[in-house]
Amino acid sequence: MTLTPLTPDSALNDDPRRYEHLSTIRLEDPDAVARAAKSRRRHPGLKAGRQNFIVAADHPARGALAVGNDPVAMADRRQLLDRLQMALANPAVDGVLASPDIMDDLLLLGALDGKLVFGSMNRGGLAGLVNEFDDRFTGHTAAALEALGADGGKMLTRICLGDPDTVVTLEATAKAIDSLAERKLIAMVEPFLSVRENGRVRNDLSTNAVIKSIAIAEGLGSTSAYTWMKLPVVAEMERVMAATTMPTVLLGGDPDGSQDEVFASWQAALTLPGVQGLTVGRTLLYPADGDVAGAVATAASLLHHTAEASE
(Lines give C-alpha, C1' and ligand atoms only; values in the text may rest on other atoms or scores of the structure.)
Protein backbone atom coordinates (compact mmCIF):
# COMPACT_ATOMS: atom_id res chain seq x y z
CA MET A 1 0.00 0.00 0.00
CA THR A 2 1.33 3.41 -0.99
CA LEU A 3 0.39 6.26 1.32
CA THR A 4 -0.74 9.67 0.16
CA PRO A 5 0.55 12.40 2.50
CA LEU A 6 -1.86 14.69 4.28
CA THR A 7 -2.69 17.64 2.05
CA PRO A 8 -2.35 21.23 3.33
CA ASP A 9 -6.15 21.45 3.42
CA SER A 10 -6.52 18.31 5.53
CA ALA A 11 -3.72 19.04 8.02
CA LEU A 12 -4.68 20.84 11.20
CA ASN A 13 -1.61 23.06 10.89
CA ASP A 14 1.55 22.70 8.82
CA ASP A 15 3.73 24.92 11.03
CA PRO A 16 6.81 22.82 11.95
CA ARG A 17 6.80 24.46 15.40
CA ARG A 18 3.13 23.71 16.06
CA TYR A 19 3.84 21.36 18.96
CA GLU A 20 6.83 23.20 20.39
CA HIS A 21 4.70 24.26 23.35
CA LEU A 22 4.48 20.62 24.44
CA SER A 23 8.25 20.49 24.79
CA THR A 24 8.17 23.73 26.79
CA ILE A 25 5.51 22.40 29.16
CA ARG A 26 7.40 19.15 29.65
CA LEU A 27 10.55 21.14 30.43
CA GLU A 28 9.10 23.77 32.76
CA ASP A 29 5.92 22.21 34.17
CA PRO A 30 5.85 18.41 33.95
CA ASP A 31 3.09 18.27 36.57
CA ALA A 32 0.80 19.75 33.92
CA VAL A 33 0.14 16.21 32.62
CA ALA A 34 -1.34 15.10 35.96
CA ARG A 35 -3.38 18.30 36.22
CA ALA A 36 -4.76 17.82 32.72
CA ALA A 37 -5.73 14.24 33.57
CA LYS A 38 -7.45 15.32 36.78
CA SER A 39 -9.45 18.10 35.13
CA ARG A 40 -10.46 16.03 32.10
CA ARG A 41 -14.17 15.44 31.59
CA ARG A 42 -14.80 11.68 31.66
CA HIS A 43 -16.70 9.61 29.11
CA PRO A 44 -20.39 9.26 30.08
CA GLY A 45 -20.08 5.49 30.40
CA LEU A 46 -20.38 2.24 28.51
CA LYS A 47 -23.79 0.89 27.54
CA ALA A 48 -25.02 -2.32 25.98
CA GLY A 49 -26.39 -1.64 22.53
CA ARG A 50 -23.93 1.16 21.83
CA GLN A 51 -20.78 0.04 20.08
CA ASN A 52 -17.65 2.03 20.84
CA PHE A 53 -15.04 3.43 18.49
CA ILE A 54 -11.51 3.67 19.90
CA VAL A 55 -8.50 4.91 17.95
CA ALA A 56 -5.25 3.03 18.64
CA ALA A 57 -1.88 4.78 18.75
CA ASP A 58 0.54 2.58 20.66
CA HIS A 59 2.49 1.12 17.74
CA PRO A 60 5.60 3.37 17.86
CA ALA A 61 6.47 2.34 21.43
CA ARG A 62 7.10 -1.19 20.14
CA GLY A 63 9.20 0.08 17.25
CA ALA A 64 6.38 -0.72 14.80
CA LEU A 65 6.50 2.40 12.61
CA ALA A 66 5.57 0.85 9.27
CA VAL A 67 2.31 1.29 7.39
CA GLY A 68 1.99 -0.43 4.03
CA ASN A 69 5.31 -0.14 2.20
CA ASP A 70 6.52 2.87 4.19
CA PRO A 71 8.81 1.58 6.98
CA VAL A 72 8.71 4.87 8.95
CA ALA A 73 5.18 6.14 8.28
CA MET A 74 4.48 6.70 12.00
CA ALA A 75 7.85 8.21 12.85
CA ASP A 76 6.86 11.89 12.61
CA ARG A 77 5.21 12.66 15.96
CA ARG A 78 3.75 15.94 14.68
CA GLN A 79 1.99 14.14 11.85
CA LEU A 80 0.75 11.45 14.22
CA LEU A 81 -0.68 14.04 16.62
CA ASP A 82 -2.32 15.84 13.68
CA ARG A 83 -3.97 12.63 12.56
CA LEU A 84 -5.05 11.67 16.08
CA GLN A 85 -6.66 15.06 16.65
CA MET A 86 -8.51 14.77 13.33
CA ALA A 87 -9.86 11.38 14.39
CA LEU A 88 -10.76 12.43 17.95
CA ALA A 89 -12.55 15.52 16.63
CA ASN A 90 -15.23 13.24 15.19
CA PRO A 91 -17.92 12.96 17.94
CA ALA A 92 -18.48 9.33 16.94
CA VAL A 93 -14.96 8.46 18.13
CA ASP A 94 -15.33 7.39 21.75
CA GLY A 95 -11.72 7.32 22.82
CA VAL A 96 -8.10 6.39 22.40
CA LEU A 97 -5.68 3.55 23.14
CA ALA A 98 -2.18 4.94 23.52
CA SER A 99 1.24 4.47 25.05
CA PRO A 100 2.17 6.85 27.90
CA ASP A 101 4.10 9.33 25.74
CA ILE A 102 1.26 9.81 23.25
CA MET A 103 -1.36 9.80 26.00
CA ASP A 104 0.45 12.61 27.80
CA ASP A 105 0.66 14.68 24.61
CA LEU A 106 -3.08 14.24 24.01
CA LEU A 107 -3.86 15.19 27.61
CA LEU A 108 -1.80 18.37 27.30
CA LEU A 109 -3.59 19.17 24.03
CA GLY A 110 -6.99 18.80 25.71
CA ALA A 111 -7.95 16.21 23.09
CA LEU A 112 -9.39 13.60 25.49
CA ASP A 113 -12.33 15.42 27.08
CA GLY A 114 -15.35 13.14 27.15
CA LYS A 115 -13.35 10.24 25.71
CA LEU A 116 -12.63 6.68 26.79
CA VAL A 117 -8.97 6.28 27.71
CA PHE A 118 -7.06 2.99 27.49
CA GLY A 119 -3.35 2.76 28.26
CA SER A 120 -0.95 0.39 26.53
CA MET A 121 0.77 -1.74 29.16
CA ASN A 122 3.31 -4.10 27.54
CA ARG A 123 5.58 -2.71 24.85
CA GLY A 124 8.73 -4.69 25.64
CA GLY A 125 8.37 -7.20 22.79
CA LEU A 126 9.92 -4.89 20.23
CA ALA A 127 9.22 -5.62 16.57
CA GLY A 128 12.13 -7.73 15.29
CA LEU A 129 13.73 -8.18 18.73
CA VAL A 130 15.61 -11.44 19.15
CA ASN A 131 13.43 -12.25 22.19
CA GLU A 132 10.27 -10.54 20.92
CA PHE A 133 8.02 -13.03 22.72
CA ASP A 134 9.36 -11.84 26.08
CA ASP A 135 6.79 -9.06 25.89
CA ARG A 136 7.48 -7.31 29.17
CA PHE A 137 5.27 -4.66 30.71
CA THR A 138 7.17 -1.45 30.09
CA GLY A 139 4.26 0.97 29.61
CA HIS A 140 1.30 1.98 31.74
CA THR A 141 0.76 0.24 35.08
CA ALA A 142 -2.66 -0.28 36.59
CA ALA A 143 -1.81 2.22 39.34
CA ALA A 144 -0.79 4.84 36.75
CA LEU A 145 -3.98 4.28 34.77
CA GLU A 146 -6.07 4.71 37.90
CA ALA A 147 -4.25 7.96 38.67
CA LEU A 148 -4.91 9.20 35.11
CA GLY A 149 -8.61 8.48 35.40
CA ALA A 150 -8.33 5.96 32.58
CA ASP A 151 -10.95 3.35 31.75
CA GLY A 152 -8.57 0.43 31.37
CA GLY A 153 -5.39 -1.03 29.99
CA LYS A 154 -4.54 -3.11 26.94
CA MET A 155 -2.06 -5.94 26.76
CA LEU A 156 -0.73 -7.70 23.67
CA THR A 157 -0.65 -11.43 24.43
CA ARG A 158 1.22 -13.41 21.80
CA ILE A 159 1.34 -17.13 22.49
CA CYS A 160 4.16 -19.07 20.82
CA LEU A 161 4.10 -22.73 21.76
CA GLY A 162 7.71 -23.09 20.60
CA ASP A 163 9.14 -20.23 22.68
CA PRO A 164 9.76 -20.50 26.45
CA ASP A 165 9.25 -16.74 26.90
CA THR A 166 5.52 -17.21 26.28
CA VAL A 167 4.86 -18.42 29.81
CA VAL A 168 6.50 -15.25 31.21
CA THR A 169 4.16 -13.10 29.13
CA LEU A 170 1.14 -15.14 30.19
CA GLU A 171 2.05 -14.79 33.86
CA ALA A 172 2.62 -11.04 33.54
CA THR A 173 -0.68 -10.67 31.69
CA ALA A 174 -2.55 -12.54 34.41
CA LYS A 175 -1.06 -10.28 37.08
CA ALA A 176 -1.96 -7.18 35.07
CA ILE A 177 -5.56 -8.39 34.68
CA ASP A 178 -5.81 -8.86 38.46
CA SER A 179 -4.23 -5.46 39.14
CA LEU A 180 -6.70 -3.74 36.82
CA ALA A 181 -9.67 -5.67 38.23
CA GLU A 182 -8.74 -4.61 41.78
CA ARG A 183 -9.24 -1.03 40.57
CA LYS A 184 -12.39 -1.88 38.55
CA LEU A 185 -10.57 -1.06 35.31
CA ILE A 186 -11.02 -2.91 32.02
CA ALA A 187 -8.33 -5.35 30.89
CA MET A 188 -8.35 -5.32 27.09
CA VAL A 189 -6.50 -8.49 26.11
CA GLU A 190 -5.24 -8.89 22.53
CA PRO A 191 -4.32 -12.58 22.05
CA PHE A 192 -2.64 -14.27 19.11
CA LEU A 193 -1.17 -17.69 18.44
CA SER A 194 2.16 -16.71 16.94
CA VAL A 195 5.16 -18.36 15.31
CA ARG A 196 8.65 -17.27 14.33
CA GLU A 197 9.44 -17.79 10.65
CA ASN A 198 12.73 -16.78 9.01
CA GLY A 199 13.57 -14.67 12.04
CA ARG A 200 10.26 -12.78 12.03
CA VAL A 201 7.18 -13.15 14.23
CA ARG A 202 3.97 -13.98 12.40
CA ASN A 203 0.51 -14.12 13.96
CA ASP A 204 -1.58 -17.11 12.86
CA LEU A 205 -4.86 -15.61 11.65
CA SER A 206 -6.58 -18.89 10.83
CA THR A 207 -9.97 -19.25 12.46
CA ASN A 208 -8.97 -22.17 14.68
CA ALA A 209 -5.82 -20.39 15.85
CA VAL A 210 -7.76 -17.27 16.85
CA ILE A 211 -10.30 -19.42 18.71
CA LYS A 212 -7.51 -21.23 20.58
CA SER A 213 -5.88 -17.92 21.52
CA ILE A 214 -9.19 -16.73 22.97
CA ALA A 215 -9.57 -19.90 25.04
CA ILE A 216 -6.13 -19.35 26.57
CA ALA A 217 -6.41 -15.59 27.08
CA GLU A 218 -9.87 -15.49 28.63
CA GLY A 219 -8.70 -17.88 31.36
CA LEU A 220 -5.87 -15.59 32.54
CA GLY A 221 -6.09 -13.90 35.93
CA SER A 222 -8.08 -14.78 39.01
CA THR A 223 -11.19 -13.03 37.68
CA SER A 224 -12.52 -12.25 34.23
CA ALA A 225 -15.08 -9.75 35.50
CA TYR A 226 -13.33 -6.79 33.87
CA THR A 227 -11.74 -8.58 30.90
CA TRP A 228 -12.43 -7.68 27.27
CA MET A 229 -11.07 -9.31 24.13
CA LYS A 230 -9.42 -7.37 21.28
CA LEU A 231 -9.57 -9.63 18.24
CA PRO A 232 -8.66 -9.57 14.55
CA VAL A 233 -11.35 -9.91 11.89
CA VAL A 234 -10.76 -13.28 10.24
CA ALA A 235 -12.73 -15.88 8.32
CA GLU A 236 -15.73 -17.43 10.09
CA MET A 237 -16.11 -14.68 12.68
CA GLU A 238 -19.34 -16.34 13.85
CA ARG A 239 -17.25 -19.22 15.19
CA VAL A 240 -14.73 -16.81 16.69
CA MET A 241 -17.36 -14.85 18.60
CA ALA A 242 -18.97 -18.09 19.79
CA ALA A 243 -15.74 -18.75 21.71
CA THR A 244 -16.27 -15.99 24.29
CA THR A 245 -18.91 -14.18 26.34
CA MET A 246 -16.57 -11.24 26.96
CA PRO A 247 -17.14 -7.85 25.37
CA THR A 248 -15.01 -7.77 22.23
CA VAL A 249 -13.56 -4.98 20.13
CA LEU A 250 -12.26 -5.59 16.63
CA LEU A 251 -8.73 -4.56 15.69
CA GLY A 252 -7.63 -3.26 12.34
CA GLY A 253 -3.92 -4.05 12.03
CA ASP A 254 -1.97 -3.22 8.88
CA PRO A 255 -4.36 -4.39 6.14
CA ASP A 256 -3.33 -6.24 2.98
CA GLY A 257 -6.57 -5.65 1.08
CA SER A 258 -8.20 -2.50 -0.19
CA GLN A 259 -9.86 -0.07 2.20
CA ASP A 260 -13.29 -1.01 0.86
CA GLU A 261 -12.59 -4.69 1.52
CA VAL A 262 -11.45 -3.93 5.07
CA PHE A 263 -14.54 -1.85 5.82
CA ALA A 264 -16.80 -4.58 4.42
CA SER A 265 -15.20 -7.18 6.71
CA TRP A 266 -15.66 -4.91 9.72
CA GLN A 267 -19.28 -4.22 8.80
CA ALA A 268 -20.10 -7.93 8.77
CA ALA A 269 -18.29 -8.63 12.05
CA LEU A 270 -19.93 -5.69 13.84
CA THR A 271 -23.33 -7.38 13.50
CA LEU A 272 -22.28 -10.34 15.65
CA PRO A 273 -23.31 -10.77 19.31
CA GLY A 274 -20.69 -9.64 21.82
CA VAL A 275 -18.92 -7.23 19.48
CA GLN A 276 -18.62 -3.95 21.37
CA GLY A 277 -16.99 -1.91 18.62
CA LEU A 278 -13.72 -1.08 16.90
CA THR A 279 -10.22 -0.36 18.17
CA VAL A 280 -8.34 0.66 15.04
CA GLY A 281 -5.15 2.61 14.41
CA ARG A 282 -3.03 2.57 11.27
CA THR A 283 -5.88 1.70 8.89
CA LEU A 284 -7.67 4.94 9.73
CA LEU A 285 -4.83 7.22 10.79
CA TYR A 286 -2.81 6.45 7.65
CA PRO A 287 -5.33 5.65 4.89
CA ALA A 288 -3.90 5.19 1.41
CA ASP A 289 -5.66 8.30 0.07
CA GLY A 290 -4.54 10.54 2.97
CA ASP A 291 -8.13 11.39 3.96
CA VAL A 292 -8.07 10.66 7.71
CA ALA A 293 -11.37 12.39 8.45
CA GLY A 294 -13.08 10.49 5.63
CA ALA A 295 -11.75 7.11 6.73
CA VAL A 296 -12.81 7.78 10.33
CA ALA A 297 -16.29 8.89 9.24
CA THR A 298 -16.75 5.77 7.12
CA ALA A 299 -15.68 3.49 9.97
CA ALA A 300 -17.99 5.34 12.39
CA SER A 301 -20.93 4.77 10.05
CA LEU A 302 -20.52 1.00 10.49
CA LEU A 303 -21.20 1.04 14.25
CA HIS A 304 -24.53 -0.01 15.68
CA HIS A 305 -26.44 2.02 18.27
CA THR A 306 -29.85 0.81 19.45
CA ALA A 307 -32.59 3.23 20.43
CA GLU A 308 -32.37 2.09 24.05
CA ALA A 309 -28.65 2.86 24.20
CA SER A 310 -29.18 6.29 22.65
CA GLU A 311 -31.75 7.13 25.28
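Strands are DSSP runs of E, at least two residues each, numbered from the N terminus. In this predicted model, Lys154 is found in one such run, strand β4 (residues 152-159). A search of the whole structure finds two aromatic pairs. The largest nonpolar core has 78 residues, and a second, separate core has nine.

**Lys154**

- Lys154 has a relative accessible area of 3% and is therefore buried, the cut-off being under 20%.
- Leaving out residues up to four places away in sequence, Lys154 touches Asp58, Leu97, Gly119, Ser120, Met121, Asn122, Arg123, Met188, Glu190 and Lys230.

**Aromatic pair Phe118 and Trp228**

- A pair of aromatic rings is described by the distance of the centres and the angle of the planes.
- For Phe118 and Trp228 the values are 6.1 Å centre to centre and 45° between the planes, and the pair is tilted.
- Phe118 belongs to strand β3 (residues 116-120) and Trp228 to strand β7 (residues 227-232), so the pair ties together parts that lie 110 residues apart in sequence.
- Phe118 counts as buried because its relative accessibility is 0%.
- Trp228 is also buried, with a relative accessible area of 8%.

**Aromatic pair Phe263 and Trp266**

- The ring centres of Phe263 and Trp266 are 5.3 Å apart and the planes are at 65°, so this pair is edge-to-face.
- Helix α9 (residues 259-269) holds both Phe263 and Trp266, which sit three residues apart, about one turn of the helix.
- Phe263 counts as buried at 7% relative accessibility.
- Trp266 counts as buried at 2% relative accessibility.

**Nonpolar cores**

- In soluble globular proteins, nonpolar side chains tend to be buried together.
- Within the core of 78 residues, those with the most contacts inside it are Phe53, Leu106, Trp266, Leu278 and Leu284.
- Helix α3 (residues 77-88) supplies the largest share of this core, six residues.
- Apart from its neighbours within four places in sequence, Phe53 is in contact with Ala92, Val93, Asp94, Gly95, Leu278, Leu284, Val296, Ala299, Ala300 and Leu303.
- Among these contacts of Phe53 are Leu278 and Leu284, which are also listed with the most contacts inside the largest core.

Key. Residues numbered from 1 in each chain as written. Predicted model: local features only at pLDDT ≥ 70, side-chain atom pairs only at ≥ 80, totals over all residues. Heavy atoms only, no water. Phe/Tyr/Trp six-rings, centres within 6.5 Å; stacked < 30°, edge-to-face > 60°. Helix = DSSP H or I, 4+ residues; strand = E, 2+ residues; numbered from the N terminus. Buried < 20%, exposed > 50% of the residue type's maximum accessible area, 1.4 Å probe, protein only. Contact = heavy atoms within 4.5 Å. Core = buried A, V, L, I, M, F, W, Y, C linked by side-chain atoms within 4.5 Å.
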